Amino acid sequence: MALDDATAHRLRIHKVTEQLNATGGHLLSGDAYKASLRDGRRVISSQGEDIADVTTHPDLRAVNTLAAIQDAQFDPATRDVLTYVGEDGGRRAIGWQVPRTREDLMAKREATRFITSQTMGMYGRPNDYGAMMALGFLSTIDRIEAENPEFAQHVRDFVDLSGDHNLLSTDLIADPQSDKRIPRDKRPSQLRIVEDRPDGIVVSGAKVAGSIGSLAHFFTLSTTLGGGVGPEAAIWAAIPVNSPGLTLILREPTAKMNAPRSDHPLDHAGEELDQTIIFDNVFIPREYVFSKYNLDLLTLYYESCAYSLWSVMTRLAFRAEMFTGVAQVITEILGTDKIPGVQAAVADITLYAQTLKAYSLATIHESVEWCGLQVPNPELTTAGRLYSIENYPRITYQLRDLCGQALIARWPEKVWDHPEFGDRMAEFFPGTGVSARDKNTFFNFVWDLVAGAHAGRVGLFENVNATPPAFVRQLVYSKTDRSAAARRVRDYVGIE
């Protein structure tokens with residue numbers, strides 16, 4: 001949709017439209033994406049400093065990883081993976097394509113495959129993820145329509161707007177941990193509507209996580225899991241990150257981003273930083289309000305997050321595939337690939353990956369239709385998520401175990417450059433078919449992937465991402481329909 005300058009400013013995407021107007025089309029290049037983030041947003045570093053430009057701050061080096069994926073939208077080799085051609089002939093990011101067929105879901109899966117290969121799965125909220133909650137709103141739009149047809153149109157318009165402008169979004173669901181003796185609707189941190197106006201709503205309070213939010217254009221807010229909240233806290237909406245009164249306070253980085261790349265091959269590329277998001281009388285334009293005061297919608301976590309949860313599970317499936325490659329290279333470099341016990345461990349890692357691949361494909365081949373959208377089968381998605389997160393610690397332990405002393409016997413680049421000891425280190429520590437220095441770089445990579453502080457953060461994140469295992473297990477019990485199977489058993493036995 002074409003926007004005039006006044007509307008773009010009111011909707012707070014004027015920096016995005018400036019970039020697109022300069023080049024035409026619906027896609028932001030890496031540089032254009034960076035320029036669109038210089039939009040007046042307020043971000044506070046972990047050291048308590050206001051960040052003047054999120055695209056240049058050393059803690060936010062992840063912007064370069066995201067920008068490279070934006071550039072890949074224009075590369076002939078990857079363009080058809082990351083974009084689709086709309087009815088008007090213009091290319092748009094595949095994440096924002098509304099999935100009407102199973103082929104559309106497969107296209108999204110392939111985009112996730114590519115993006116996971118670029119981030120090594122270390123980002124839980126990469127470029128293609130942001131559309132998932134909005135698509136979840138779209139797949140439950142009959143419930144929103146019943147509340148207010150205007151709100152349902154707002155959802156449709158936001159999906160169109162985001163696709164037309166290549167917007168990056170991330171979810172907001174979780175509340176700050178707080179004293180549970182205080183009722184939820186009485187906690188100062190509870191995000192709530194404090195003013196309702198004809199042109200929109202004003203909200204105050206806080207949310208947490210919102211991973212990659214400092215480098216996104218929008219937060220997509222869903223107050224689900226809403227037990228104990230009052231109607232004023234029941235909000236579904238989209239919130240521009242550069243909204244006045246909105247402040248993002250970053251946690252401290254865990255990745256060693258400023259080390260030489262050979263010392264920390266993964267950390268060097270940056271990490272997505274979580275934050276506390278504080279709302280001080282933040283105005284949300286009416287066009288971005290999808291539901292308000294509707295406590296009934298707060299029970300729709302399973303449904304409204306169906307795409308988000310599938311995206312998480314699919315990314316973990318491709319991450320597991322990478323783990324098999326890492327395991328193979330570990331054993332080849334160490335020369336342990338012929339040892340039966342080592343082969344058994346690699347087989348176990350492979351089984352984990354193959355099982356998740358099966359889940360990922362099955363969710364598409366047994367997709368369901370909700371409100372005209374093809375939705376990855378939510379029962380299989382839930383089971384696959386539970387399998388992925390319960391086995392994740394065991395698989396990463398096996399990768400560490402395969403390394404033996406190699407994860408401990410690692411040295412920085414400066415040691416290898418030492419005039420007295422560098423040559424001796426090269427003589428003492430070669431791998432099978434690789435130099436000692438290349439072996440060292442590889443195991444630095446493995447350290448970043450499964451052993452370092454950044455890897456620890458990712459492991460914790462995966463465990464609680466979109467609810468922890470105990471909750472997911474309850475969903476497997478409560479949301480999986482076993483009635484037909486039970487009926488067949490009863491009929492066969494001959495009992496009612």
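Tutor: Happy to! Let us start with helix 7 (residues 131–139) and helix 11 (residues 306–334), which pack at an angle of about 140 degrees with their axes 6 Å apart. Axes here are lines fitted to C-alpha atoms, for helices over the stretch in contact, and angles run from 0 to 180 degrees between N-to-C directions. Helix 7 and helix 11 are therefore oblique to each other; angles under 35 degrees count as roughly parallel, over 145 as roughly antiparallel, 65 to 115 as roughly perpendicular and the rest as oblique. On the helix 7 side, the contact is made by Met 132, Met 133, Leu 135, Gly 136 and Ser 139, and helix 11 brings Tyr 307, Ser 308 and Ser 311. Contact means heavy atoms within 4.5 Å. Sorted by class, this contact has 4 nonpolar, 4 polar and no charged residues. For that count, Ala, Val, Leu, Ile, Met, Phe, Trp, Tyr, Cys and Pro are nonpolar, Asp, Glu, Lys and Arg charged, and the others, Gly among them, polar.

A word on the source: this is a predicted model, where local features need pLDDT of at least 70 and side-chain atom pairs count only at pLDDT 80 or more, while totals for chains, interfaces and linings use all residues. Residues are numbered from 1 along each chain as its sequence is written, and side-chain values use heavy atoms, leaving out hydrogens and water.

The largest nonpolar core has 118 residues, of which Leu 215 and Val 446 touch the most other members. Helix 11 gives the most to this core, with 15 residues. Such a core is a set of buried Ala, Val, Leu, Ile, Met, Phe, Trp, Tyr and Cys residues joined through side-chain atoms within 4.5 Å, where buried means under 20% relative accessible area (1.4 Å probe, protein chains only). Leaving aside neighbours within four places in sequence, Leu 215 is in contact with residues including Tyr 33, Arg 41, Ala 62, Val 63 and Leu 66.

Ala 62, Val 63 and Leu 66 are also among the buried residues of helix 4. In helix 4 (residues 62–72), 8 of the 11 residues are buried, so this helix is largely enclosed by the rest of the structure. Its cover includes helix 3 (30–36), helix 5 (79–82) and helix 6 (102–119).

Across the protein chain, there are 19 helices and 13 strands; helices (H or I, at least four residues) and strands (E, at least two) are DSSP runs, numbered from the N terminus. Buried residues make up 55% of the 496 residues.

Technical notes: Buried < 20%, exposed > 50% of the residue type's maximum accessible area, 1.4 Å probe, protein only.
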